Amino acid sequence: MTLSFPKPLLPLLWLGLLPGPAAFAQTKKPAPAATAQTAAGIEQRVATLLAQMTLEEKVGQLNQYSGREVTGPASNRKTTLLSSIRSGQVGSMLNVKGVKDTREIQAVALESRLKIPLLFSLDVIHGYETTFPIPLGEAASWDLAAIRLGAHVAAKEAAASGIHWTFAPMVDIGRDPRWGRVMEGAGEDTYLGSLIAKARVLGFQGEKLGGTDAVMACAKHFAAYGAATAGRDYNAVDLSPQQLWETYLPPFKAAADAGVATFMNSFNTLNGVPATGNSYLQRDILKGQWSYPGFVVSDWGSIAELANWGYAADKKDAAQKAITAGSDMDMEGDAYSQNLAQLVKDGQVKIDLVDDAVRRILRKKFELGLFDDPYRFSDEAREKQVLNDPQNRVAARQMAQKSLVLLKNENATLPLTKQLRTVAVIGPLAKAKRDLNGSWTVSTDTTKITSLYDGLSQRAGKTTQLRYAKGCDTSGDSRAGFEQAVAAAKGADLVVLAVGETWDLSGEAKSRTDLHLPGPQEELFKALKATGKPVAVVVFGGRPLVFDAIADQADAILYAWWPGSEGGLALADVLFGDYNPAGKLPITFPRNVGQIPIAYNQQYNTGRPITKPGDIKYKSAYIDAPNTPRYAFGHGLSYTSFTYSDLKISRPQLKAGESVQVSFTLTNSGKAAGEEVAQLYLRDPVASVVRPLKELKDFQKISLKPGQSKTITFTIGKDKLAFYNQQLEWVAEPGKFNLMVGSASDDIRLEGAVELLP
């Protein structure tokens with residue numbers, strides 16, 4: 001008998017589908033936004049206010065505009081916006097930040113007839129004043145508590161500067177490294193991505209809305225933006241319903257369950273229908289099956305862009321389709337402001353749809369406490385104190401340490417030892433500062449960023465001399481600096497080479513077809529390697545990059561992502577061994593672009609699998625490259641070693657309602673204290689829908705001293721065995737399941753099996 005569940009119950013099953021690892025399971029569930037009495041009181045206040053509003057004032061709450069021009073030099077845009085705010089025609093502003101400016105603009109809003117306060121929003125993606133590693137780098141930590149803390153610090157700083165709302169977290173599953181926005185997300189895995197989505201929402205919002213150390217979060221981009229065709233931003237998505245529900249929706253559901261205040265729809269189409277005008281996504285799933293109480297904001301101009309897609313005739317038609325589909329707030333589109341009131345008057349849009357959208361937005365303003373004190377987030381004393389809190393930088397340094405991934409370490413090249421008298425620090429990014437912060441940053445003060453060279457210089461002290469040479473740029477083909485770099489290498493005991501991509505090569509609108517290191521950076525590496533000196537390479541980037549010669553020949557490789565303002569210090573901590581790296585890749589690194597898509601959970605046995613190494617004739621294989629990636633999902637080395645042993649499965653079979661405990665012994669078999677991320681994978685070898693070769697189902701991050709052992713236990717119930725079948729039913733089919741425990745998706749140490757009975 002197949003265990004299946006009716007679709008109306010699916011929302012109740014998602015929490016069971018996404019249990020956290022033991023270290024995170026103790027986190028309290030988010031407290032309700034208000035007690036029943038307070039919630040009822042808020043609903044009454046919303047209803048009372050809504051009854052007083054004219055149609056034009058209602059439409060006004062659905063408009064959001066950028067404030068770059070409002071607080072800048074005098075302009076027609078500034079004058080027009082201020083007039084619109086004063087007349088109640090604007091509900092939210094973005095890109096207005098700082099206590100002085102937010103207070104000034106809020107005062108204008110309070111001149112309106114009903115004195116409805118504005119929501120101030122900003123893209124606080126991985127830090128405000130203090131910049132943390134990019135989200136993809138944070139995901140490499142596999143440390144949910146640290147990720148939550150990073151979001152909290154960012155929220156605390158933003159809230160102290162008058163911000164109410166951030167457009168984060170991005171919870172899109174990103175399987176294509178050509179897509180520049182993979183840097184904003186948690187990588188390619190649905191299970192890991194769902195847990196990180198929850199952690200970030202709780203970090204941004206706290207236990208409930210309204211705290212002055214928190215901001216409203218926004219789950220984006222709804223939905224399937226990470227599956228954009230050819231990895232190209234703003235492109236179409238053609239996706240099976242089964243993949244939509246199984247791969248791309250769970251992180252959004254996890255965010256909704258965590259109480260995320262808002263959703264943002266995406267630029268892409270989904271099977272021919274733009275997400276902004278997609279009723280199936282917004283009405284049927286989000287506000288229907290999931291009973292989501294928050295509101296949906298469009299992405300920048302995406303309502304007006306319905307006309308560009310050819311889904312709407314013009315802005316008026318776009319406004320009608322977007323509000324009908326469930327898009328509540330129009331960001332910088334002018335579609336609602338210019339057309340929505342008339343559409344209601346003409347009977348083309350029901351007033352109930354407008355009222356529902358306005359009610360959702362007003363509810364959040366009441367929950368934030370803005371009607372009681374519109375300036376509660378604009379306190380100059382708090383702004384000064386919070387933005388100068390040294391503990392924020394401590395948290396950023398610790399997060400950067402955890403994000404670093406040791407990809408390779410031949411002959412224990414790292415950590416750097418006291419015996420090294422001279423180290424050559426070479427490369428175009430060795431002294432970079434702005435690049436360490438990466439894309440989507442708020443603070444532009446490079447004096448607060450520590451470069452790799454500066455970090456090493458501070459740590460090395462008097463015992464190790466540093467020699468610097470730039471070598472080359474990250475663009476162009478000049479090799480004029482090679483001679484100086486080679487000379488520095490020859491005079492050193494070891495080379496630390498800093499290469500990668502600059503901050504403006506990954507992010508929104510930064511899709512790439514060539515993922516190789518730009519410029520002559522690999523040629524510089526070859527010249528340095530030819531000196532015979534050991535070369536440890538630090539790679540900076542916002543996505544998986546391709547670096548063939550370095551991967552093959554470097555003595556050590558440390559992937560730094562864009563590690564944030566404290567990145568140089570964190571890198572020095574790891575390179576000198578003060579912190580033992582424990583990062584694991586949240587996304588697969590291809591050997592070349594031709595292998596994409598190569599996400600680990602997109603790999604199937606196929607009808608013609610390779611069963612013997614080298615035997616690829618008439619098999620599912622490339623003739624010019626292996627099927628395997630350069631670095632697999634979950635990969636990451638340590639300065640110590642870990643042994644997995646003594647696998648035990650509590651019972652060989654289970655029935656509905658039962659669970660199985662999978663336990664094993666993890667031992668630090670090396671000479672240094674360290675952390676290991678033990679990973680549990682599962683395969684359903686025979687099912688009504690072909691299943692991947694491996695799927696992550698649980699993990700634990702464990703700290704062990706040399707020689708120390710610990711018993712690790714994972715619990716498997718039917719939720720971990722289930723999937724969406726062809727009828728989109730969430731089912732756990734009876735049969736045998738292969739269990740795999742290891743250090744990475746391609747480094748399985750222990751294997752077993754369990755059977756689900758009918």
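My entries follow, one topic at a time.

**Entry 1: the model.** I noted that this is a predicted model.

**Entry 2: salt bridges.** I looked up the total, and the structure holds 41 salt bridges. I then picked out Asp143 and Lys402, whose closest N and O atoms are 3.1 Å apart. Asp143 sits in the loop between helices H7 and H8, while Lys402 is in helix H18, 259 residues apart. Both residues are buried.

**Entry 3: a pair within one helix.** Asp356 forms a salt bridge with Arg360, at 3.0 Å between the closest N and O atoms. They are about one helical turn apart, because four residues separate them in helix H16. Asp356 is partly exposed at 21% relative accessible area. Arg360 counts as buried because its relative accessibility is 9%, and the cut-off for buried is under 20%.

**Entry 4: a network.** I found Asp123, Arg181, Glu184, Lys220 and Glu508 linked by salt bridges.

**Entry 5: Glu246.** Is Glu246 buried or exposed? I found it buried, at 13% relative accessibility. Glu246 lies in helix H10. Its side chain makes a polar contact of 2.7 Å with the side chain of Arg691. A polar atom of the Glu246 side chain also lies 3.0 Å from the backbone nitrogen of Tyr724. Beyond its neighbours within four places in sequence, the contacts of Glu246 include Thr190 and Phe723.

**Entry 6: the surface.** Which residues make the nonpolar surface patch of about 290 Å²? I listed Ile610, Ile616 and Ile623. Ile623 is in the loop between helix H24 and strand S18. Ile623 counts as exposed, at 83% relative accessibility.

Key: Residues are numbered from 1 along each chain as its sequence is written. This is a predicted model: local features need pLDDT of at least 70, side-chain atom pairs count only at pLDDT 80 or more; totals for chains, interfaces and linings use all residues. Side-chain values use heavy atoms; hydrogens and water are left out. Patches are made of residues with over 30% relative accessible area and no salt bridge: like charges are joined within 9 Å, nonpolar side chains (Val, Leu, Ile, Met, Phe, Trp, Tyr) within 5 Å. Accessible areas come from the Shrake-Rupley method with a 1.4 Å probe; for residues, only the protein chains shown count as cover. A salt bridge is a side-chain nitrogen of Lys or Arg within 4 Å of a carboxyl oxygen of Asp or Glu. Helices (H or I, at least four residues) and strands (E, at least two) are DSSP runs, numbered from the N terminus. Buried means under 20% relative accessible area, exposed over 50%, partly exposed in between (1.4 Å probe, protein chains only). A polar contact is a pair of N or O atoms within 3.5 Å; within protein, one must be able to donate a hydrogen and the other to accept it, and residues adjacent in sequence count only if both atoms are side-chain atoms. Contact means heavy atoms within 4.5 Å.
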